[in-house]
Structures are given as structure tokens and as C-alpha cells.
Amino acid sequence: MTALSRRSPGNQISGNRIPVIHFRTRRVRNAVLAGSALLLLSVWLAYESASLTNPAWTSGWVLGSVILFLTALSARKRLACLPLFPVSTWVQAHIHAGWASVVLLALHVGWHWPNGVFEQTLAALFLLLAGSGIWGLWLTRQSPKQLAKLPLEVRYEEIRDRRRRLDEHVHRVVLQSAESTGVLADFHLEVTAPFFGRSRGLSYWLWPGSATRRRIETELSLLDRYLTDSQRQVAKQLALAVRERDDLDFHQAVQGRLKLWLFAHIAMTYSLWALIVIHVILVHAFRGA
Amino acid sequence: MAPEPVRSTNNAVIQRRPQRWSEPFGVRMTASDVERLLAIAPFRSMDRGRFPKLVPLRGLLLNDTRVSRYEEGEIIIREGDYGHSAFLILSGEVDVSLRGLPPRVLGRTSGRQQSWWDAFLSSVGAPRVREARDATPTERETVTVRDEERGARVFLQDVPGLLGDDGRLTLGAGEFFGELAALSRTPRTATVIAKGPCELLEIRWQGLRDLLRHDPALRSHIHELYRSNALRVHLRETAWLKDLSDEAVRQIADATTFESYGEFDWHHDFNKERSLDVRDRIATEPVIAREGDYPDGLILIRSGFARLSVQYDDGHRTLEYLGKGRVFGLEELVHNHRSVDQIPWQRSLRALGYVDVLRVPTPVVERWILPSLERSTERLPSLDQLRLSIESRGSRGEATVRGPRPSPWSGDGEGVSDRTEFLVEHRLLNATRAMVIDLDRCTRCDDCVRACASTHGNNPRFNRVGPIHDRLMFVQACMHCQDPVCMIGCPTGAIGRDADSGVITINDPSCIGCGTCANSCPYHNITMVETFDRQGRPLVDDATSQPIVKATKCDFCHGRPSAPACQNACPHDALVRIDLTEPTELDRWLSKRRTA
């Protein structure tokens with residue numbers, strides 16, 4: 001329609017018009033902000049160093065504040081109804097502050113690997129946490145795309161129940177066909193029953209894929225020449241069930257992996273905080289030395 | 001009135017199925033009131049033989065109307081409120097306010113706003129019991145200006161001083177008002193105040209609809225009222241007609257015809273029709289303008305939605321949907337006005353659900369509208385533009401489909417590939433605040449559901465399920481429809497639209513748990529829940545021993561400091577509450593994220 005006809009008279013129910021910022025623009029803006037902050041801090045630390053002041057105090061406290069801000073994300077998530085900027089804004093800030101914190105750590109330790117065992121443990125845990133953050137960022141960007149490709153959308157809590165119902169359905173279908181054909185019954189006993197009965201291994205959880213499903217589908221298609229038309233319908237149902245089960249497993253693995261990552265990331269954060277507190281106490285205790 | 005038990009067995013009470021008039025509009029209406037009404041205009045002149053046996057005129061008056069008396073200064077209807085009834089003045093006079101009045105003057109209090117502290121407490125200390133209510137019901141909120149049960153009324157002091165002589169229009173005995181909002185489910189456009197003691201006949205929309213259907217004189221009278229009152233305002237409010245002279249507006253208003261298409265209760269058949277094949281479904285939609293026919297006038301959509309489509313081989317391809325305020329046919333009329341080569345309609349316009357349109361005849365458009373538009377700075381649309389638009393929209397459908405993900409939902413299989421087509425088929429175009437999730441970014445963390453639960457007494461108002469198209473999930477959460485059919489038939493007025501925000505809310509103390517709204521919602525977005533006290537004990541009706549149920553749905557976190565919680569809680573910008581009544585809004589949202 002034309003621009004003319006788009007205009008509507010008054011008394012219109014106002015919908016929810018949302019401001020939209022292009023993701024790329026947002027990314028660039030946030031990176032520039034984080035980079036500028038780091039640059040300013042570097043200049044200040046260089047000034048402190050030139051003034052014969054230990055810059056580690058400033059960088060340490062700034063780093064601690066940044067880690068505190070990074071930790072505050074989980075608190076913000078719990079307070080969804082407060083107008084403290086949307087959680088997505090906090091996540092963006094979390095990502096960029098996370099990158100910046102790695103550079104801050106380098107500034108704090110003077111671009112050298114620390115020499116004390118405790119400091120080494122602290123730095124290693126920090127880097128592990130940062131690495132986990134990077135992996136999590138990759139996961140949160142890739143996993144939705146992987147899941148969206150599936151023809152099935154399912155909530156994590158429903159997977160177990162749907163899988164149970166699918167198992168029962170397959171069992172029923174194969175039992176009904178067993179009177180007329182032993183081929184499918186044998187195939188079920190040897191191939192599909194173990195597939196439906198077992199959980200996937202660790203490797204599948206780490207890198208879920210469709211190789212097993214494709215193998216079963218190929219084997220099932222090879223039985224085609226032994227089957228009558230009605231038995232082929234049963235085989236088709238079996239193939240559909242295999243595909244659905246595979247999709248459910250994929251959902252469980254990908255969604256579960258995300259949940260596990262978040263749990264590990266938060267656990268490491270609190271472990272890091274325990275070490276940071278000890279570090280601060282030690283630093284202040286031995287300040288004179 | 002509850003249905004009387006006929007007989008009972010050990011296991012069940014057998015009742016007569018409730019009929020249309022089981023719940024009369026006015027419980028105090030008597031046969032003598034009806035006789036009195038039948039003796040006055042317009043009912044006196046109505047041909048009773050035109051009314052079907054099941055819906056006789058006498059029955060209509062007895063069950064679908066009520067007589068109310070108002071005192072001087074009392075507000076009868078309030079601008080912005082949703083009304084489901086029209087009024088006929090039996091005696092006395094009323095003033096119609098021609099200018100908007102401040103909400104405070106109208107007795108409208110903005111709903112209780114939750115404080116930050118309360119919001120904080122509700123987030124961190126979710127109650128153990130879901131759907132917990134106080135065992136003693138709290139005071140009802142005033143949802144209308146007049147509460148018949150409690151006798152609560154709102155009065156205006158010094159109406160002449162408030163409105164002035166030129167700010168009000170006085171109506172007298174025999175005149176109608178409020179019919180437009182009642183019939184089109186739109187907000188009241190003006191406040192009406194009793195000028196002195198007056199007696200009014202209030203007719204609920206179901207009765208008014210039947211009266212109009214069976215009495216052509218009343219129908220033309222109501223149309224004439226609309227023509228003389230609201231139509232000119234409507235034309236004046238239409239931005240591209242703002243430069244017209246008063247004479248032109250008068251001429252256009254006099255020549256405009258009113259047309260209604262589709263069923264007013266479209267939601268009853270919606271889910272049944274969805275099971276039909278797309279082609280059959282389109283064939284059942286009433287045609288407002290057919291491709292290939294002579295363009296006999298400019299069509300303005302007054303309320304509802306219409307499908308804009310072109311013939312594509314043996315079927316129809318949806319180009320767009322048009323809602324309230326949109327115009328159809330300008331391109332063809334401009335072309336025919338400028339050229340000797342006359343063309344027919346290039347597209348078809350079909351009613352989706354119930355649509356009210358205004359048709360301005362072609363000669364009137366050519367005489368009064370086109371010259372004015374040609375003088376304005378706005379460039380008039382050309383036929384080439386129209387054809388380009390049809391072609392580009394046709395191909396856009398293919399371009400926006402990004403993946404071969406078949407939807408698990410019935411009714412959107414083969415042949416429905418375009419997003420517009422999908423929105424139309426699922427009637428999602430009705431949404432002013434649809435919840436849309438971009439599955440390409442959603443990690444399925446359910447933070448949205450948790451946030452909803454934490455702001456709504458530990459029970460989320462939606463589940464993350466819904467129809468999927470082009471990797472977008474249209475979640476089954478209240479969409480706060482432009483045409484909120486859920487409001488039809490609520491016996492207590494518990495469900496209503498907030499005049500300020502446009503959000504549809506349920507006033508919990510007023511809800512009697514009848515389930516009418518839940519049954520009316522064609523999208524199944526209202527849930528009836530059993531209620532408990534703070535200790536977790538179920539609340540049970542003392543008369544029936546049945547659980548006390550309440551209607552619940554998304555309230556868009558109305559009254560909370562930051563709304564909506566679901567959108568605010570999404571860590572990955574995957575979820576948005578978006579207006580789908582304007583097709584470009586979703587395109588705009590997607591265009592800025594999917595190229596990232």
C-alpha cells in the first residue's frame with residue numbers, strides 16, 4: 001500500500017512499538033566503549049608507574065569491581081520486574097566487561113605470569129572462567145541455530161516424558177506387526193530397541209550429531225525389499241519414531257549442555273570470589289613487605 | 001440466573017442447557033416496561049413479523065435491554081471506556097462532551113502502581129503457593145462509571161462551566177448514543193453526562209445487533225446517526241483528508257455507504273475454519289472488492305481486518321492485511337481518473353472475521369478527494385507503483401523463508417509459505433502485543449517464564465509454546481488484541497481494556513470464574529485456574545463445593561515498575577512483545593537483527 005494509505009486516523013489502540021538497535025551497531029559501540037575505558041586506564045596506570053606509585057593497587061581494585069559487576073548479572077536476572085535496564089543490555093555489558101577484564105588482569109600482573117602458587121591458581125581460575133565465558137558465548141549463539149533447524153520444538157522438562165511415550169508407541173507398533181513379519185521384530189530387537197532404550201554417550205553430549213540416526217535409517221531402508229506394503233507402513237512409522245527420538249536427544253543434549261555450562265560458569269565464579277577474598281586479605285596483610 | 005435443576009441422580013444434576021436469555025441484561029425489566037417501550041418510537045413502528053420466532057421483539061426488549069435513571073451531572077459513558085451497550089433517551093436530556101476531559105475529572109484513577117520495593121519483594125520472595133488469594137475477597141475495583149449492584153456513580157460538578165456552550169452537544173428524548181462503540185468493540189469516543197434527571201434505555205450489543213438486522217428503519221437511522229456524528233469526525237481525523245473543505249467533507253459523508261462483512265462472532269468458527277484447506281478458507285471469506293470488478297469506490301476500513309490478495313493461478317496469494325484506518329483502491333481510482341484506459345480492481349479485498357468498511361463512491365472521490373490530493377505535496381500512487389508492489393510482495397514471500405522447518409502445527413503446511421500468509425491464517429494480525437521469540441537466538445533457558453512467574457505469584461501466565469513460522473515462535477500468551485473478543489459476554493465486566501495503556505486486564509475480585517472469556521479467546525490464551533489461600537488450602541464454593549476458579553492471562557505486567565518482565569528478562573534479545581496489527585513492525589524488528 002502507499003504511504004498515503006498507511007496513515008490511520010486517531011483513536012487507534014496503541015501497540016507495543018519497540019526501539020530497535022542494529023546488533024552490529026550495538027556491538028561496535030560497546031567494543032569502542034570498553035576499548036576506550038581500557039585505554040584511559042592504561043594511561044592512568046602508566047602515569048602512576050611514572051609517579052613511583054604501585055599501579056597494581058588501582059588495577060587490582062578496578063579488576064575487582066569489574067568482576068563484581070560481572071557477577072551482578074545473575075542477581076539482575078532474579079529481579080526481572082525492576083527497571084534496571086533489560087537483562088540483554090546487562091549481558092552485552094557482561095560480554096564486553098568480560099573481554100576487558102582479561103586485559104585488566106594482564107595489566108594487573110604486569111603482562112607476566114604470576115610466580116606464587118596461590119597467585120598462579122587464582123590467575124588460572126580466572127582464565128578458565130574467561131575461557132568458559134567465551135565458550136558459553138559461542139554456545140549461546142550456535143545452539144539456538146542448531147535447535148531451530150529441527151522440525152521439533154520441545155521444552156527441556158518435557159523431553160523425558162515425550163521420550164517415554166515414544167518408546168511405548170514404538171513398542172506397540174512393533175508388537176502389532178510381529179504377527180505378520182519377523183523381519184521388523186528382529187530389526188527392532190537388534191537395532192531400534194537398544195537405540196530407544198539407551199541414553200546417548202558422553203561424546204554425543206559434547207558433540208551431538210545425526211550419524212546414528214542416519215545409520216539406522218539406512219539399515220531400515222535395506223529391509224524394504226523383504227516387506228509387504230502394509231509392513232512398509234510400519235517401517236515408515238518406525239523411521240519417523242527414530243527421527244523424533246533423535247531430535248529429542250539432540251534437544252536434550254544441546255539444551256542440557258547450555259544448562260551445564262551455566263552451572264559450571266557460576267560455580268567457577270563463586271570459587272574465584274573465594275580466592276579473590278583470600279588474595280585481598282593476603283595482599284593487605286603483607287602490604288608492608 | 002442459574003439454570004434450574006430438572007432432576008438429579010446419584011452422580012449428576014441434570015439441568016436445562018443455558019439459553020441466550022438465561023442471563024437477562026436487566027433483572028428488573030418487567031412485562032409492563034416492555035409494553036411501555038412498544039408504545040414509543042422507534043419500537044412502535046417496528047414490524048414484529050420481521051423478527052424470527054426464536055428472537056421476538058418483545059423478548060429482545062425484555063432480556064437485552066434495561067431502563068436506568070440518571071441524576072444531573074452523572075456520567076453515563078466515559079471517553080476511552082469499552083462499552084458493550086447503546087443508549088436510547090426515554091426522557092430528559094444528556095450532554096455529549098465534544099472535548100476530552102482530564103482522567104481525574106472523569107473519576108478515572110490510574111491503577112495501583114506497584115512500588116520498587118514491592119516489586120523487589122515479589123521477585124526475591126515468590127510465594128510458596130501458586131494462585132494464592134486472600135480467603136476474604138478484597139473490595140472490587142470500579143471498572144465502569146456505574147456499578148448497579150453497589151449503586152456507585154460518578155458525577156461531574158458544574159458541567160456547563162467545564163465544557164462551555166461550544167464544548168457540548170445536547171441530545172434529547174428519542175435519540176441514540178453509544179451505538180458505535182457497542183457495535184464495533186471500539187472505545188467510547190466521547191463522555192456523555194446527564195443534563196438533568198433522565199431515563200435511558202440501555203441495549204446490550206447482542207440485542208442492538210438483532211434490532212438492526214430485523215428493522216431496516218432503525219438500521220438506516222443508526223447509519224444516519226453515524227453519518228451525521230462520527231463519520232465527519234472520522235474523515236477529518238484521516239490524515240490525508242485533512243486539507244478537504246467543510247463542503248467536501250459534507251459531500252463525502254452524505255455519499256458514503258456503510259458496509260459490514262463477516263460474522264460479528266467470528267471467533268466461534270475460527271478454529272473450525274482453520275482446519276479447512278487454505279483455498280477453501282479463503283473462499284469462505286466475504287468479498288469486499290473482487291479483483292477484475294469495476295472499481296466503484298474508495299474503501300476505508302473502519303474496524304476489523306481484511307485480506308488483500310491477488311489471483312495466482314487457481315488460488316489467491318495474500319499480499320497484505322489491512323486494519324482500521326487503512327484504505328483500499330486509491331491506486332486504481334487515481335489511474336482511472338487520469339487515463340482513458342480504465343482498469344478494474346487489481347487485487348481482491350476479503351473480510352477476515354468481522355469488518356466494517358466505508359465506501360466512498362468513485363464519482364465523489366474524483367470530484368472531491370483526488371483534486372485535493374493532487375494539490376497536496378504528497379505524491380499520488382501510480383498503477384506502476386501498485387504493480388511493482390504486487391510483484392515485490394509476491395517474491396518477498398519466497399525471500400523471507402529462511403529454512404525448511406515445517407511447523408508442527410496443523411493448518412500451515414504446504415501452500416502457506418509467507419509470513420504475512422501465516423499471520424493472516426492464524427489471525428495473529430489482531431495482536432497489539434504479540435509475544436514473538438526468534439528461535440535463532442533463543443537458548444530455551446526459560447528465563448522469560450521464570451520472570452513471569454516471579455512477577456505473578458509464582459505462576460507464569462504463559463508457556464513457551466505456540467505456532468512457529470520461519471523460525472519465529474508466536475507464543476501462546478495474551479496478545480492484547482485490537483478486537484478483543486474475549487471481552488464479549490463477560491457478565492461482570494471483569495475483563496476490560498485499560499484506557500491508558502490499551503492492555504487487556506482481568507480484575508481478579510470481579511471474576512466469577514464462568515470461563516466465558518477463556519472460551520471466547522480464539523487463541524486459547526486465557527487459562528482458568530483453581531485458587532488457594534495463603535496456606536495452600538483450595539478455595540471452594542460453599543454452595544456447590546466446587547473449586548473457586550479464576551481466569552488468568554498475561555497482563556503485560558500492568559502496574560509494575562518495569563514491563564513486560566518476559567521481554568526484560570530475555571538475555572539474548574530473542575523475545576519481543578510486538579504490534580502485529582501493522583505488518584511493517586515485525587519486518588522492522590527482524591531487519592535489524594538478522595543481518596547482524
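Trainee: Among contacts in chain A between residues at least 6 apart in sequence, what percentage join residues at least 24 apart?

Mentor: The figure is 79%. Contact here means heavy atoms within 4.5 Å. Remember that this is a predicted model.

Trainee: How do you know what span is expected for helix H3 of chain A?

Mentor: Helix H3(A) covers residues 55-78, which is 24 residues. The expected span is 1.5 Å times one less than the number of residues.

Trainee: Where is the kink in H3(A) centred?

Mentor: On A:Ala72, with an angle of about 30°. The angle is taken between axes fitted to the seven residues ending at a residue and the seven starting there.

Trainee: What caps the N-terminal end of H3(A)?

Mentor: A:Asn54 does. One of its side-chain oxygens lies 3.1 Å from the backbone nitrogen of A:Ala56. The cut-off for a polar contact is 3.5 Å, so a 3.1 Å pair passes.

Trainee: Which residues of H3(A) are buried, and what covers them?

Mentor: Buried residues include A:Ser59, A:Leu63, A:Val66 and A:Leu73. The cover includes helices H2, H4, H5 and H10 of chain A.

Trainee: Which residues lie nearest the centre of the second largest pocket?

Mentor: A:Leu73 again, with A:Lys77, A:Trp261, A:Leu262 and A:His265. The lining has 49 residues. H3, H4, H5 and H10 of chain A each give two or more of them, as do helices H3 (116-124) and H15 (447-455) of chain B. H10(A) gives the largest share, 10 residues. The space in this pocket is about 1200 Å³.

Trainee: Why is helix H11 of chain B called largely enclosed?

Mentor: Count its buried residues. Seven of the nine residues in 330-338 are buried, so the rest of the structure largely encloses this helix. Among them are B:Leu330, B:Glu332 and B:His335.

Trainee: Why does B:Met473 count as buried?

Mentor: Buried means under 20% relative accessible area. B:Met473 has 1%, so it counts as buried. This residue is in strand E21 of chain B. Leaving aside neighbours within four places in sequence, its contacts include A:Glu153, B:Val436 and B:Pro467. B:Met473 and B:Val436 are 37 residues apart in sequence, with C-alphas 5.6 Å apart.

Trainee: What is the phi of B:Asp470, and is this residue buried or exposed?

Mentor: Its phi is positive, about 50°, and it is not a glycine. Most residues other than glycine have a negative phi. B:Asp470 sits in the loop between strands E20 and E21 of chain B. Its relative accessible area is 8%, so it is buried.

Trainee: What is the phi of B:His480, and where is this residue found?

Mentor: B:His480 also has a positive phi, about 55°, without being a glycine. It is found in the loop between E21 and strand E22 of chain B.

Trainee: What makes the peptide bond between B:Ala41 and B:Pro42 cis?

Mentor: Look at omega, which is about 0°. Most peptide bonds are trans. B:Pro42 lies in the loop between helices H1 and H2 of chain B.

Key:
Residues numbered from 1 in each chain as written. Chains lettered and ligands numbered in written order. Predicted model: local features only at pLDDT ≥ 70, side-chain atom pairs only at ≥ 80, totals over all residues. Heavy atoms only, no water. Helix = DSSP H or I, 4+ residues; strand = E, 2+ residues; numbered from the N terminus. Buried < 20%, exposed > 50% of the residue type's maximum accessible area, 1.4 Å probe, protein only. Polar contact = N/O pair within 3.5 Å; in protein donor to acceptor, adjacent residues only side chain to side chain. 1 Å grid on protein atoms, 1.4 Å probe; cavity = no way out; pocket = protein on both sides within 12 Å on 5 of 7 lines; lining within 4 Å. Points joined across faces, edges and corners; volume = space filled by probe spheres on them.
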